[in-house]
Amino acid sequence: MQQIRARQLAEWLADDNRPDPVLLDVREPWEVDLCQLAGTQHIPMHLVPVRCDDIDPNRDVVVICHHGGRSMQVAMFLERKGFRSVHNLMGGVEAWAAEVDPTMRRY
């Protein structure tokens, strides 16, 4: 599993020469209702083990949560399941709001 910072992810998403990763948001539904990155695939952490077939194992996956703890656990799980390129968004949506999108709602 690799760690990725919010600014690095923003640069990746802006790079037309690089395929976009799967943005896997593992927060609870009420958290996603408050704020989210555009284009995320939402699977709450507790459902990932039964829904990991919904995630393309051949694409880069960036796992996202509020601060980066839950996403790190999910990223390690996905690696054990054979996903080839998994990244944890360090600091989660909180870091995204602080470093990339100051208009994003924070909680």
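**Helix packing, cores and salt bridges**

Guide: Helix H1 (residues 6-14) packs with H5 at an angle of about 75°, and their axes are 9 Å apart. H1 is therefore roughly perpendicular to H5. Please keep in mind that this is a predicted model.

Visitor: Which residues make the contact of H1 and H5?

Guide: H1 contributes Ala 6, Arg 7, Leu 9, Ala 10 and Leu 13, while H5 contributes Ala 95, Trp 96 and Glu 99. Sorted by kind, the residues of this contact are 6 nonpolar, no polar and 2 charged.

Visitor: How many residues of H5 are buried?

Guide: In H5, 6 of the 8 residues are buried, so the helix is largely enclosed by the rest of the structure. The buried residues are Gly 92, Val 93, Glu 94, Ala 95, Trp 96 and Ala 97.

Visitor: And what do the buried residues of H5 pack against?

Guide: They pack against H1, S4 and strand S5 (86-89).

Visitor: Let us change topic. Which residues have the most contacts inside the largest nonpolar core?

Guide: That core has 16 residues, and those with the most contacts inside it are Leu 24, Val 48, Ile 55, Val 61, Val 63 and Leu 78. Strand S2 (22-25), strand S4 (61-64) and helix H4 (69-80) are the elements that give two or more residues to this core. H4 supplies the largest share, 4 residues.

Visitor: What does Leu 78 touch?

Guide: Leaving aside residues up to four places away in sequence, Leu 78 touches Leu 24, Val 48, Cys 52, Ile 55, Val 61, Val 63, Phe 83 and Val 86. Another core, of 15 residues, lies apart from the largest one, and its members include Leu 23, Cys 35, Ala 95 and Trp 96.

Visitor: Now the charged side chains, please. How many salt bridges are there?

Guide: The count comes to 4 salt bridges. One of them joins the side chains of Arg 27 and Asp 25, at 2.8 Å from N to O.

Visitor: Is Arg 27 buried or exposed?

Guide: Arg 27 counts as buried, because its relative accessibility is 0%. Asp 25 also counts as buried, with a relative accessibility of 0%.

Visitor: What about Arg 51 and Asp 54?

Guide: Their side chains meet in a salt bridge as well, at 2.9 Å from N to O. Arg 51 is partly exposed at 30% relative accessibility, and Asp 54 is partly exposed with a relative accessible area of 44%.

Visitor: Where is the salt bridge of Glu 94?

Guide: The side chain of Glu 94 meets that of Arg 106, at 2.4 Å from N to O. Glu 94 lies in helix H5 (92-99) and Arg 106 in the segment after H5, so the pair ties together parts that are 12 residues apart in sequence. Arg 106 is partly exposed, at 47% relative accessibility, whereas Glu 94 is among the buried residues of H5.

Visitor: One last residue. Where does Arg 70 lie, and in which helix?

Guide: Arg 70 lies in helix H4. At 25% relative accessibility, Arg 70 counts as partly exposed.

Visitor: What does Arg 70 touch?

Guide: Not counting residues up to four places away in sequence, Arg 70 touches Val 26, Arg 27, Glu 28, Glu 31, Met 45 and Cys 65. Among these is Arg 27, the residue whose side chain forms a salt bridge with Asp 25.

Visitor: And how many residues apart are Arg 70 and Thr 103?

Guide: They are 33 residues apart in sequence, and 24 Å apart in space from C-alpha to C-alpha.

Technical notes:
Residues are numbered from 1 along each chain as its sequence is written. This is a predicted model: local features need pLDDT of at least 70, side-chain atom pairs count only at pLDDT 80 or more; totals for chains, interfaces and linings use all residues. Side-chain values use heavy atoms; hydrogens and water are left out. Buried means under 20% relative accessible area, exposed over 50%, partly exposed in between (1.4 Å probe, protein chains only). Axes are lines fitted to C-alpha atoms, for helices over the stretch in contact, and angles run from 0 to 180 degrees between N-to-C directions. Angles under 35 degrees count as roughly parallel, over 145 as roughly antiparallel, 65 to 115 as roughly perpendicular and the rest as oblique. Contact means heavy atoms within 4.5 Å. Ala, Val, Leu, Ile, Met, Phe, Trp, Tyr, Cys and Pro count as nonpolar, Asp, Glu, Lys and Arg as charged, and the others, Gly among them, as polar. A nonpolar core is a set of buried Ala, Val, Leu, Ile, Met, Phe, Trp, Tyr and Cys residues joined through side-chain atoms within 4.5 Å.
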